[in-house]
Amino acid sequence: MKKWIALFLVCVLGLGLLTGCGGGDKTTSTDVNTSGANTSTNVKSRTLEEIKKDAKDAGYEVVENASTMGATDAVAAINVVYVSTYIPVMEFKTAHAASAYAKYVNGGGYNQAIVGGKILTFTEVSHGIVVDDAEKAFLEGLIGGKAVEIVATPGPLADSYKKDYAGAYSLAQAIRKAMDDLTGNLLARYNKEHPEGDPKNANNFIATVDLLGSMGLAFTATLSEDQAVIDALPTAMASLGCTDVKVVRGAANDYTISYKSFGTGETKELRAVYDPATGAMRMTEATNGAADSFYEFVPLGGDAYAYRTPRECAYVVYKDGAIQRFAYSSLARDEASYAADNGGIYPSGGSATEAWVCEKSAEMYYAVFTYDGTALSISTRDFGGKPVQLTIAK
């Protein structure tokens, strides 16, 4: 049993490390609406041979016997070179199989499936927004199909998470991701309306809601009162290169992880605590005995939540799986950084309010994002250090 738990933890911890401790990718939760797409089994599909001939006749390069990328029930594939992009065009056993795979494509968050009977291809999207409308139109015409609509669905409900440290960690990451997805979607739509070359284009700065904490935070992701999980964690961390791993449950909902870091050999100590009364979590990290990072997440009541890390803080209202409003800030100056042992918000929220997010003087901040339910306001700096002020209506 312990080996199976350890294997599961390796997968969870590895995913956390790859995604920046629980976030950073463009994936969004989606359903698939196939209305308008040619997915009927009564409709005669175009064949790959017909598509290949039409593409070549139109002057496009075609790569035959391409990979089906492991797609279930895909029987053959070609690549059509559009501009400089190699775009897969796959044929499935049935139109139903093509439609089913479309859900997988759309759910990844990076592409939008285009289906014509048994034929499927896809075009790139950014936060749910098609990047190149001309490419999409070309592919629809080539395969005689339609793009399968990407329909955003609500995120997980706050009450669906377990009342322990692991549950609080997962809820914190879900809400953080929802903030970042909302920001990314509005910016992607805005930049599509104002492409590169337009003075209003907003591709000259980084606008992400990080709140990622540290690599050590990911190691605490699965902690709970389940002793089997605690016992299996050293094996999982050792498989990721850590040595001398020890996990100690000092008291209920109070855990300490110590280990030597892979690569550097530095001694790390993580302290993770959870408060059942408020649902809050806190992680502090020390390297060779010196405190160097922390992460706090606190439910404030009334669907409001607060975050604090050494360089960031946020106040967010998350209800029914969706962001209602939020304020987020990240610091630009080291001397302004927050301290783990001063001004903390764990476990009851401390002074966390919407105004608290931006209570320092303006020059201390690298970025401030606010969303009031109708518009996203961004105050940051471009890659050259110049101030940027931008408001995008929802």
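**Salt bridges and burial in a predicted model**

Modeller: The structure, a predicted model, holds 15 salt bridges.

Colleague: What makes the contact of Lys 52 and Glu 49 a salt bridge?

Modeller: The N to O distance between their side chains is 3.1 Å. The cut-off for a Lys nitrogen and a Glu carboxyl oxygen is 4 Å, so the pair qualifies. Both residues lie in helix α2 (residues 48–57), three residues apart, about one turn of the helix.

Colleague: Why is Lys 52 called buried?

Modeller: Its relative accessible area is 11%, and buried means under 20%, so the term applies to Lys 52.

Colleague: Why does Glu 49 count as exposed?

Modeller: Glu 49 has 53% relative accessibility; exposed means over 50%, so Glu 49 belongs to that class.

Colleague: Which parts does the salt bridge of Lys 52 with Glu 64 tie together?

Modeller: The closest N and O atoms of Lys 52 and Glu 64 are 3.0 Å apart. Lys 52 lies in helix α2 and Glu 64 in the loop between β2 (61–63) and β3 (74–82), so the bridge ties together parts that are twelve residues apart in sequence. Glu 49, Lys 52, Lys 56 and Glu 64 are linked in a network of salt bridges.

Colleague: How do you know that Arg 271 and Asp 254 link distant parts of the chain?

Modeller: Their side chains meet in a salt bridge at 2.7 Å, N to O. Arg 271 is in strand β12 (residues 267–275) and Asp 254 in strand β11 (residues 254–260), 17 residues apart.

How values were computed. Residues are numbered from 1 along each chain as its sequence is written. This is a predicted model: local features need pLDDT of at least 70, side-chain atom pairs count only at pLDDT 80 or more; totals for chains, interfaces and linings use all residues. Side-chain values use heavy atoms; hydrogens and water are left out. Helices (H or I, at least four residues) and strands (E, at least two) are DSSP runs, numbered from the N terminus. Buried means under 20% relative accessible area, exposed over 50%, partly exposed in between (1.4 Å probe, protein chains only).
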